[in-house]
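Morning, everyone. Please have a look at the model on the screen, and then I'll walk you through its packing.

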Amino acid sequence: MNDIIFWNRWGRPYKQLIWGLLLLCVLSLSVQLAYSLITNKPLDYTWAITTDFEYVKDRIDSFQVGDLVLDMPVDQVIAKQKFQGQSIKYPAWLRIVYLLTVALAIVIGLSTMTYFKRNAFYLCISCFIGFLLLLRLEQLLCFGRPDHTQLLICLVLFGGLSYYFHSFRSHTSFTIRILCFAAAMAMVGFQIHFTAQVQDPWLQLAHFGALAPLAVVGILIFLVSHEIIYGGLIICTYSFGSISKNNLHHFLAISAIYLVSLLLVFLHKYNGLSWSLIALNPIFLLALAIIIGLFGQHHRYALLSGWIPSPMLATLWFITLSLLAGVSIVFFYFNGQQGYILAIEEVVIYSFLGSGVAFLIYVITNFLPLLIDNLQVYKVAFDPKRLPFYVVRLAGYGIVLILIYRSGLGPYHQTMAQYFNSIADVYTLNGQEIEAIAYYEKATQLKYNDHHGHYALAKMAQKNGDAKSANFHYTKANRYDPSPQAYVDQASLFHQQGQFFDAVFTLKDGLLAFPGNLYLQNNLGLQYARTNIIDTAYIYFNRAASEKITRDVAHTNILYLLSNKKLDVGQDLVHQFKPNYKNQAAALNYYSLGMKDENPFLSGAYQDSIQSFTALNLMYNHSLWAIKHQNNAAILALDQIYEQSEYLQQIDQLAFTQALLAIHLGKLTQAFKNMNHLVAYGNHDQKGYYAFIGGLFALKLGEPLLAIEYFEMAKSNNYSFDPTISVMALFEAGRFSDAQTMAQALLQTSQVDSTMLLQFAALDQPQQDPAWQYRQFRYQQQEWDITSFTKELAKFSESPYYFQLVLDRLLFEADHNNWDAVSVLLELVQFGKTSPFYPIWQSIHWKRLVQNENWEQLEPDLADATFALDSSQYFYFQGLLHWKKYSDEEQARKLLQKCTQNPFLEDGIIAWAHFLNANQQEMDAYEALLQALELNKFSPQLLKAYINQCVRVGLSSYADISLDQLSQLVSPSDFEEFKAEYDGMMAEKETWDD
């Protein structure tokens with residue numbers, strides 16, 4: 001073991017340094033080996049996911065006005081996702097770790113070099129100067145100077161320090177030398193960081209200076225090119241407890257197998273020989289040779305004794321070179337610099353083949369007798385008696401140069417093409433597109449099949465709208481060295497141009513080049529989905545969903561098919577696509593699917609991450625789903641998220657859904673403020689839609705005049721909707737003449753061909769249809785007294801609309817405070833708790849109890865009642881109980897104040913105003929009534945209370961203005977009656993003032 005780990009015999013500081021460097025070296029070689037064996041291709045491109053959104057029509061709610069059912073339309077958002085190629089954006093730490101390791105290797109190398117003998121020292125210092133030249137330090141623009149100032153600084157600092165230790169302080173300890181060179185390296189690093197004028201000096205240094213470590217890799221390849229043959233010699237001549245037999249035969253057999261395999265790899269890679277059994281990996285061979293060279297270093301010292309004073313320094317120098325080369329190759333892999341890797345592979349094949357043959361001849365020439373005698377030849381392999389080792393070296397290098405020349409200088413072209421691509425990448429990252437294009441074009445000129453350059457040029461051309469150039473470069477990129485990303489992006493280009501079949505054929509060509517590629521199959525499924533070839537699209541999506549890397553995107557697209565294309569695959573199969581809610585695009589489609597098909601299994605906690613457009617759309621869909629399915633837990637949770645974030649309220653789409661949630665929660669003040677803001681300041685294309693939805697909700701709440709105003713705003717913003725709704729709103733508002741005129745005008749212009757519209761236009765003409773008879777009675781009975789109404793109502797005793805007519809009249813009488821008539825009608829019919837009419841009947845019944853101050857009956861009725869989330873009525877009735885029956889003003893205040901959430905609950909707003917007046921808060925009562933009127937502007941009840949409050953607080957001018965508004969909302973008799981009361985209040989007020 002001591003013969004293998006020979007450095008354990010050295011002093012502790014040197015042994016620890018060797019072990020540390022060896023650990024770093026083995027780590028870099030392990031990563032290098034693992035990556036080369038797994039993929040044999042640098043990490044060049046990755047995938048980006050692009051999400052496109054579409055809108056599908058749906059309804060969020062429906063409600064009844066009379067016998068008519070109106071739908072509230074909404075646009076559901078659905079998402080589809082495709083893959084696009086993109087270059088990897090590497091984090092800064094990657095190049096920082098690389099450059100720090102390079103700096104460490106330089107520090108150790110320079111410290112070791114200062115011990116070398118004179119000729120070796122000058123040779124090494126000359127190589128170091130060449131290394132600095134290849135770093136192209138002038139590109140850093142240190143001190144703003146584009147010349148060689150930075151190069152001179154490094155030469156003076158490192159060169160001067162090296163010469164000082166070599167010539168003047170040769171007895172200085174190794175530790176001191178390392179510390180001095182480390183300090184010098186730190187000084188240079190800080191100086192570059194603070195004086196470089198480029199955007200990212202370390203990025204610039206890693207890319208512009210790539211040729212320097214690449215040269216070190218080349219030197220190391222030449223140094224270890226014979227090591228695998230030497231390793232075979234060790235295996236064959238090493239004694240494992242007994243004397244080996246037939247060493248010569250074993251050595252020749254191993255060497256022959258190795259060299260023939262190398263030759264086949266050479267023919268396979270560069271002469272087109274097709275043989276699937278070839279498995280030798282050049283990077284693997286290089287790592288293996290480095291390991292063999294490391295453990296055989298002390299046997300090789302005989303060749304270096306005239307240059308390097310001790311085996312320890314020779315080993316340290318070799319490990320340093322190996323570390324620098326290993327970490328550089330790893331960086332090339334992870335930095336996507338494929339050209340460097342290909343050049344290294346070519347040089348490894350040429351060098352190992354040429355030097356291997358030469359070293360085999362060297363061994364046979366010098367040590368044939370020893371091999372025949374089965375002696376341990378590996379120990380004296382570098383102490384030849386006939387053919388000197390340097391002659392073998394020169395012969396091997398000569399073979400390598402001949403092979404490189406015969407290949408058309410392939411490694412050179414690979415290296416320079418990649419160098420230009422790397423420079424272009426830097427310019428691309430810095431936003432210097434013109435310079436980047438120039439260098440990419442240089443790379444493609446040096447190497448015809450340069451995928452990297454052609455692909456980058458294609459992406460730039462596509463971004464700039466030059467489809468012809470983009471298509472040219474995509475084709476070039478895929479001709480000799482294809483990638484799935486290039487096929488996908490070229491198909492995307494064809495799709496943008498409307499060339500569906502070209503896009504499909506391109507993706508299919510990609511699948512021929514990369515069979516079973518899941519990214520290509522996903523995008524091919526999207527192409528078929530766009531043309532409604534649904535079954536084929538589903539097949540490709542299902543294939544893409546077979547692996548984890550593409551499963552989330554494929555599931556998103558399957559749900560897109562289910563929600564948009566109505567693909568019928570059965571509910572059990574749909575359920576298996578229920579997404580993880582971290583996959584927000586899939587969850588978005590899942591909620592949309594739940595809206596359309598009303599799937600009972602659609603549930604789950606909302607992920608309240610709202611940092612992306614997808615997440616915002618998910619929240620929008622989730623809100624619509626929760627409202628449609630009356631999921632109270634989800635509604636409350638979503639409303640809380642909206643309330644906690646002002647950011648969400650600034651997004652029209654979410655401000656709209658917040659308004660819908662607020663309506664469901666009974667917070668109508670907030671809801672209609674949101675809606676009004678959207679109509680006034682929202683997206684221009686959506687203003688009409690928001691106004692229309694506001695009108696529908698106003699109609700649902702029994703506020704037809706407000707609905708008419710919203711519908712007019714919708715028309716003025718060019719939103720198209722069924723004008724029958726406007727006609728119906730006019731009838732609901734009692735404007736019969738206007739309604740019939742509008743209906744007749746619409747029929748004459750053929751805007752709407754509707755039986756319903758015909759009935760609205762001819763309500764004064766008798767017909768036999770029960771629905772028409774109901775409608776005629778509904779819109780005429782408002783002019784009758786309660787006696788006439790009950791008499792005419794008897795004619796409808798067998799009609800299916802009988803109870804609806806009673807309920808309509810009850811609402812009318814309650815709104816006009818005709819409580820005697822309400823009592824008659826409440827006794828006329830009784831509704832069971834299961835009846836759809838029961839909640840309205842019950843509410844009117846409670847209002848009558850309040851009017852009669854019958855608190856004893858109201859309290860148990862409220863205790864048995866079940867209230868929905870819209871609980872403003874509950875607050876109203878309970879507030880009155882605590883105030884009037886129990887004189888609990890504190891609790892009454894809390895409850896009645898909540899009535900302000902609903903400006904359309906006139907009784908609740910007025911009760912709150914009365915409570916404030918009773919507590920000498922007249923101006924607060926005035927503000928409460930004024931704010932309610934801002935939204936419920938057509939309420940005679942609120943307007944009367946507001947006028948009375950104006951008199952109370954001395955704002956008679958506002959009262960007079962409001963009187964004019966009231967005269968337009970009530971009948972002349974009602975207005976005269978209120979006017980008399982108003983005059984009496986004014987006279988009383990003047991008396992008090994006097």
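Let me start with a question: are Phe 208 and Tyr 427 buried or exposed? Both of them are buried. Keep in mind that this is a predicted model.

Now the overall picture. The protein chain has 994 residues, and buried residues make up 53% of them. Its secondary structure comes to 48 helices and two strands. The chain exposes about 45,300 Å², and carbon and sulfur atoms supply 56% of that. Next, contacts. Take those between residues at least 6 apart in sequence: 64% of them join residues at least 24 apart.

On to the cores. The largest nonpolar core has 122 residues. Phe 158, Leu 233, Leu 286, Ile 344 and Phe 352 have the most contacts inside it. Which helix gives the most to this core? Helix H13, residues 338-372, with 16 residues.

Phe 158 then touches Leu 110, Phe 128, Phe 181, Ala 184, Met 185 and Val 188.

Now the rings. How many aromatic pairs does the structure hold? There are 45. To describe a pair of aromatic rings, we give the distance of the centres and the angle of the planes.

Here is one of the pairs. Tyr 98 and Phe 331 are stacked, at 4.1 Å centre to centre, with 5 degrees between the planes. Tyr 98 sits in helix H2, residues 92-113, and Phe 331 in helix H12, residues 311-334. Why does Tyr 98 count as buried? Because its relative accessibility is 4%, and buried means under 20%. Phe 331 counts as buried too, because it is at 3%.

Now return to our opening pair. Phe 208 and Tyr 427 are edge-to-face, at 6.2 Å centre to centre, with 90 degrees between the planes. Phe 208 lies in helix H6, residues 201-208, and Tyr 427 in helix H15, residues 410-429, so this pair ties together parts that are 219 residues apart in sequence.

Rings also form a cluster. Phe 656, Tyr 689, Tyr 690, Phe 692, Phe 711, Tyr 719 and Phe 721 make up one aromatic cluster.

Last, charges over rings. Arg 177 lies over the face of Tyr 115, at 3.9 Å from the ring centre. Lys 884 lies over the face of Trp 883, at 3.9 Å from the ring centre.

Key
Residues are numbered from 1 along each chain as its sequence is written. This is a predicted model: local features need pLDDT of at least 70, side-chain atom pairs count only at pLDDT 80 or more; totals for chains, interfaces and linings use all residues. Side-chain values use heavy atoms; hydrogens and water are left out. A nonpolar core is a set of buried Ala, Val, Leu, Ile, Met, Phe, Trp, Tyr and Cys residues joined through side-chain atoms within 4.5 Å. Buried means under 20% relative accessible area, exposed over 50%, partly exposed in between (1.4 Å probe, protein chains only). Helices (H or I, at least four residues) and strands (E, at least two) are DSSP runs, numbered from the N terminus. Contact means heavy atoms within 4.5 Å. Rings of Phe, Tyr and Trp (its six-membered ring) pair if their centres lie within 6.5 Å; planes under 30 degrees apart count as stacked, over 60 as edge-to-face and the rest as tilted. A charge sits over a ring if NZ of Lys or CZ of Arg is within 6 Å of the ring centre and within 35 degrees of the ring normal. Accessible areas come from the Shrake-Rupley method with a 1.4 Å probe; for residues, only the protein chains shown count as cover. Lists of a residue's contacts leave out its neighbours within four places in sequence.
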